[in-house]
Amino acid sequence: MTKIEDAIVHDIEDDVKPKTWKQRLWNVTKLVLKLVITSALLYYVFSKVHFSDVKSRLIHANYWWMLAGVFFYFASMVASSWRLLSFFKSINLRLDPRFNFRLYLLGIFYNFLLPGGIGGDGYKIYLLNKTYKLPAKKVFTAILFDRLSGLWAIGLIIVCLKVFIPQIPIHIAIPASIFFAGTLIYYFVVKKFFKEFARHFFKGHAKAVLVQTFQVLTIIMILLGQDFSGKFAPYLLAFLVSAVAAVVPVTIGGAGARELVFQKSAVFFHIDAGLGIYISISFYLISLLVALTGIYYLLRPERLQEGLPTAEEIKE
């Protein structure tokens, strides 16, 4: 095992099974810091937007449309799990799709409900390394490219939405050219330095577009649940930017960060700040609802292991 692999495994194992009081204290400290930052951001946002407006929208929402939003978000998780398989195949790791999806649900549960310790990605690395003795660096890189493909897809959709948002005073050719050039550089780096991931590059990134499309549809369902009949594009753009902000792991499940982006976007895009915050909170609640399904595999780990392929079966 290389020094990098050793460090990755060591850090993850420390989170899974803290060995000293200092490690336990650090995990608790991280959780407290996230709670403080999340609370501070939400306090700031609701000092600018009346909470009563958001509460009223939540109470009077059309829950059939909200249920449709849950469906599309769940579909995005299925597609996201499917996307991850493409990057695992790049390192000759061929997991059963059902086992991979169960592991994915458990992972998002870890991300939401255990924010101070190991995250979902860390748990995947830990389990796959422990079960198959796979190089942790390879699994880590596969998951990293899975995340990068999601950011790439967000960038693509943001560029497409520019057509419908005249408030942004630049020609569509400028962001489109920047995105195209960035994509070429991105692919060149993958082709040059991460050759094994070039094999499924286009397939994995096409699946990433599908994932983000389902999440955009989730937001559209939330808006329709408010009998919304205005322009969708500014709200969708604000959501995608907030999704990027939520990637930074300083809040609990992105709460606070998303709301802040919507609140700031309201002035620039001339959108309803209350509706924007409502969208953000509704998306968080839908995400939390789906994440809670992962607790089943925490309580019954034997069901997670059902169909777990052998070390020989996962390789070509």
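A crossing of two helices is right-handed if the near helix is turned clockwise from the far one by less than a right angle. In the predicted model described here, helix H10 passes helix H11 in a crossing of this right-handed kind.

Two packed helices are described by the angle between their axes and the distance between the axes. For H10 (residues 201-224) and H11 (residues 233-247), the axes come within 10 Å and cross at roughly 130 degrees. H10 is therefore oblique to H11. On the H10 side, the residues that meet H11 are Gln212, Gln215, Val216, Ile219, Ile220 and Leu223, and their partners in H11 are Tyr235, Leu236, Phe239 and Leu240. Sorted by class, this contact of H10 with H11 comprises 8 nonpolar and 2 polar residues, with no charged residues.

The protein chain as a whole has 15 helices and 0 strands. Of its 316 residues, 49% are buried. Among contacts in the chain with a separation of 6 or more, 76% are between residues 24 or more positions apart.

The largest nonpolar core contains 90 residues, and within this core Phe88 and Ile279 touch the most other members. Helix H4 (residues 63-89) supplies the largest share of the core, with 12 residues. When neighbours within four places in sequence are left aside, the contacts of Phe88 are Leu93, Leu95, Asn100, Leu128, Val139, Ala142 and Ile143.

Note on methods
Residues numbered from 1 in each chain as written. Predicted model: local features only at pLDDT ≥ 70, side-chain atom pairs only at ≥ 80, totals over all residues. Heavy atoms only, no water. Axes fitted to C-alpha atoms, helices over the stretch in contact; angles between N-to-C directions. Helix = DSSP H or I, 4+ residues; strand = E, 2+ residues; numbered from the N terminus. Parallel < 35°, antiparallel > 145°, perpendicular 65-115°, else oblique. Contact = heavy atoms within 4.5 Å. Nonpolar A, V, L, I, M, F, W, Y, C, P; charged D, E, K, R; others polar. Core = buried A, V, L, I, M, F, W, Y, C linked by side-chain atoms within 4.5 Å. Buried < 20%, exposed > 50% of the residue type's maximum accessible area, 1.4 Å probe, protein only.
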